[in-house]
Amino acid sequence: MSSVKVYYTSVSGSREVKQRQEEVIRILDSYKVKYELIDISVSLKVLQEMRMKVSTPKALPPQIFNGQEYCGDFEMFHKAKENKEILKFLKME
């Protein structure tokens, strides 16, 4: 089974980024989804890797993957939550 990976940052001056990351983690926890957090603030290489994977040079965290498959960003995650389609968004059903 592939694992859900969330690219996030432990260092951010943006309240919006922090709130979005917290919401993603809270919802994944509520669905009891196992996930791995990948901190883009540890090195520029990790940030570049995330942006390359999502094909967006200015992508901000959180960005969500199931294994190597891109699920989406916060807006897509939030829309899936509103439609009660989190597991579908995460490519788990």
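## Overall dimensions

A compact globule of 93 residues would have a radius of gyration near 12 Å, and the protein agrees with this, having 12 Å. The radius is taken over C-alpha atoms, and the globule rule is 2.2 Å times the number of residues to the power 0.38. Along the principal axes, the C-alpha trace spans about 35 × 25 × 20 Å.

The model is predicted: local features need pLDDT of at least 70 and side-chain atom pairs count only at pLDDT 80 or more, while totals for chains, interfaces and linings use all residues. Residues are numbered from 1 along each chain as its sequence is written, and side-chain values use heavy atoms, with hydrogens and water left out.

## Fold and surface

Four helices and four strands make up the secondary structure of the protein, and from the N terminus on they run β-α-β-α-β-β-α-α. These elements are DSSP runs numbered from the N terminus, helices being H or I of at least four residues and strands E of at least two.

Of the 93 residues, 40% are buried, a term that means under 20% relative accessible area with a 1.4 Å probe, protein chains only. The accessible surface comes to about 6000 Å², and carbon and sulfur atoms account for 52% of that surface; the areas come from the Shrake-Rupley method with a 1.4 Å probe.

Among contacts (heavy atoms within 4.5 Å) between residues at least 6 apart in sequence, 60% join residues at least 24 apart. The protein has 16 positive and 13 negative charges, and their mean positions are 1 Å apart. Lys and Arg count as positive and Asp and Glu as negative, with His and the chain ends not counted; each charge is placed at NZ of Lys, CZ of Arg, CG of Asp or CD of Glu.

## Threonine 9

Threonine 9 lies in the loop that runs between strand 1 (4-8) and helix 1 (15-30). This residue is buried, its relative accessible area being 10%. Its side chain reaches the backbone oxygen of valine 11 at 2.8 Å. Beyond the neighbours within four places in sequence, threonine 9 is in contact with Val17, Gln21, Asp39, Ile40, Ser41 and Pro61.

## Cysteine 71

Cysteine 71 belongs to strand 4 (residues 69-73) and is buried, with a relative accessible area of 6%. Leaving aside neighbours within four places in sequence, the contacts of cysteine 71 are Ile64, Phe65, Asn66, Met76, Phe89, Leu90 and Lys91. Between cysteine 71 and tyrosine 7 there are 64 residues of separation in sequence and 12 Å in space, C-alpha to C-alpha.

Note on methods
Buried < 20%, exposed > 50% of the residue type's maximum accessible area, 1.4 Å probe, protein only. Polar contact = N/O pair within 3.5 Å; in protein donor to acceptor, adjacent residues only side chain to side chain.
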